[in-house]
Amino acid sequence: MHGLINCAIERFVRDTYGDQTWRMACAAAAVPEQKFEPLLTYEDPLTQSLIASCAEVLRRTPDVVLEDLGSSLISGAGDAAVATRRLLRFSGRSFVDFLYALDDLPDRIALAVPDLKLPELHVEEQRPDLFYVSAGEGWPGYLHVVHGVLRAMADEYGVLVLIDLVDGKPGLEVQVIDMAFTAGRAFTLRAG
């Protein structure tokens with residue numbers, strides 16, 4: 001797994017739950033390092049073990065931890081969250097534009113980090129207010145991270161949505177309830 005993934009998990013747990021929780025999760029996963037390097041590659045089982053131990057320490061399911069991780073990638077206060085938020089806001093002026101641009105997200109991420117290979121995303125419009133988002137193979141739990149990202153981006157755009165896993169299908173149903181629920185976060189390409 002790319003080091004940026006492990007760094008994101010580390011940053012999420014430290015920022016949200018504190019250093020002690022992070023140390024406990026590392027100990028439970030038998031991870032010798034408590035700090036990951038973003039440019040290194042780590043074995044996939046190490047990352048999966050780390051997620052499982054974070055879930056155990058936090059008394060949550062791995063799916064919930066991954067969804068919260070996805071949300072923190074956007075809504076966090078650090079520089080990485082600001083950069084991610086800005087990268088994703090370039091997808092369009094509205095949340096629906098953002099959804100349509102999800103198909104291009106792995107390629108756009110690859111422009112910034114060429115060796116970070118994200119699974120493909122596919123978006124189908126079921127009707128103007130209902131979308132189906134699915135993910136390609138590659139990372140167990142990736143769809144839960146996407147769920148968190150979608151939740152945070154809806155807040156970013158000020159949109160009220162319902163996001164549910166679809167029974168029997170590997171995807172998310174995104175129902176847009178109100179495109180102007182709140183003002184959303186201001187976004188401009190230039191300062192001032």
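Reader: How many residues does helix α3 have, and what is its reach from first C-alpha to last?
Author: In this predicted model, helix α3 covers residues 44-58, which makes 15 residues. At 1.5 Å a residue, a reach of 21 Å is expected. The computed reach from the first C-alpha to the last is close to that, at 21 Å.

Reader: What covers the buried residues of α3?
Author: The buried residues of α3 are Thr47, Leu50, Ile51, Ser53, Cys54, Ala55 and Leu58. Just after the helix, Arg59 takes a positive phi of about 60°. The cover over the buried residues includes α1 (3-17), α2 (19-28) and α4 (62-75).

Reader: Is Asp79 buried or exposed?
Author: Asp79 is found in helix α5, residues 79-89. A residue counts as exposed when its relative accessible area is over 50%. The value for Asp79 is 71%, so Asp79 is exposed.

Reader: Which strands stand at the edges of the open sheet?
Author: The open sheet has four strands in the order β1-β2-β4-β3, with antiparallel pairing. Two of the strands each have a single partner, so one side of each is left without a neighbour in the sheet. These edge strands are β1 (121-127) and β3 (160-165).

Reader: Which residue in β4 stands opposite Leu165?
Author: Strands of a sheet pair through backbone hydrogen bonds, either parallel or antiparallel. Here β3 and β4 (residues 171-178) pair in the antiparallel sense, over six bridges. In β4, the residue opposite Leu165 is Leu172.

Technical notes:
Residues numbered from 1 in each chain as written. Predicted model: local features only at pLDDT ≥ 70, side-chain atom pairs only at ≥ 80, totals over all residues. Heavy atoms only, no water. Expected span 1.5 Å × (residues − 1). Buried < 20%, exposed > 50% of the residue type's maximum accessible area, 1.4 Å probe, protein only. Contact = heavy atoms within 4.5 Å. Pairing = 2+ DSSP bridges.
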